[in-house]
Amino acid sequence: MTEVLTKIIVNCEDGTQTVVPLTEAEIQQREADALAYAEQKAIQEAEEAAKATAKASAEAKLAALGLTADEIAALK
Amino acid sequence: MANETMTLISTQSMSGTTGVDFTSIPQTYTDLVLVISARSNQTGTSFGAINFWVNSNRSGYTERFLRGTGSAVTSYTDSSASNWALDSILPAASSTSNTFSNVQICFPNYTSSTTKSVSMDGVSENNATAAYQSIGAGIWTGTSAITSISLEVGTYPNTWATGSIASLYGILKGSGGASVS
């Protein structure tokens, strides 16, 4: 049996709380949200990986120029 | 002179659901603060996102974050536009057991007829190098007063883990006091 996904509606005026199934429109929106999140996450991770690679390359070049590890760390 | 007050409007356990809508928010406060302690049941990852929006409106949102990852600092802009999102702030199944996010979101001047701003900060607890801390600011281009706030686990079809709670507070500005020149 497919799990029924739910959300809670809280009425802040009278305190009532109701658990309701997601509507078809809400499910479609959530699927779109998840897809957008995955795409953005992939872009962010690629950018972070590229930045880490560039940083490692820069540190290696600084070391080759004669900077000590402490001197390289002081630049961060 | 009256002191500023912070009053609990509603606190809600979210366990087992995908989201929560705080509706019919009283319009008698100056600002709103949403405090979230949550975790998701998402498997295969250590962290996920918390999405949130207002007035059932799914357009007009922008935000920018400064985020620490445990080993680096990054700055990024969320371009989803359909909601605000706190990325990587929600511990999931692969993160340290029984650890929860600690998130606070402030909605200043929420009853105004101008565009709405939010400030948000949060941490995702994890006993490992990878543990995220984020501070961010966002804008919603809508000009209506905020009457409802919705939040969801950012990765459908996952649900909030047992023990996840969201609490909505109203801040009322004080009055009186002397101006000092």
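Are Phe47(B) and Tyr132(B) buried or exposed? Both Phe47(B) and Tyr132(B) are buried (under 20% relative accessible area, with exposed over 50% and partly exposed in between, for a 1.4 Å probe and protein chains only). The model is predicted, with local features requiring pLDDT of at least 70 and side-chain atom pairs pLDDT 80 or more, while totals for chains, interfaces and linings use all residues. Residues are numbered from 1 along each chain as its sequence is written, chains are lettered from A in the order in which they are written, and side-chain values use heavy atoms, without hydrogens and water.

Over all chains, the structure holds seven aromatic pairs; rings of Phe, Tyr and Trp (its six-membered ring) pair if their centres lie within 6.5 Å, and planes under 30 degrees apart count as stacked, over 60 as edge-to-face and the rest as tilted. The pair of Phe47(B) and Tyr132(B) is edge-to-face, because the ring centres are 5.0 Å apart and the planes stand at 75°. Phe47(B) belongs to strand S4 (residues 47-54) of chain B, and Tyr132(B) to the loop between strand S9 (116-124) and strand S10 (133-140) of chain B, 85 residues apart. Strands (E, at least two residues) are DSSP runs numbered from the N terminus.

Phe52(B) and Trp84(B) form a tilted pair, because their ring centres are 5.3 Å apart and their planes are at 40°. Phe52(B) is in strand S4 and Trp84(B) in strand S7 (residues 84-91) of chain B, so the pair ties together parts 32 residues apart in sequence. Phe52(B) and Trp84(B) are both buried. One aromatic cluster is formed by Phe52(B), Tyr61(B), Trp84(B), Phe107(B) and Trp140(B).

Note on methods. Helices (H or I, at least four residues) and strands (E, at least two) are DSSP runs, numbered from the N terminus.
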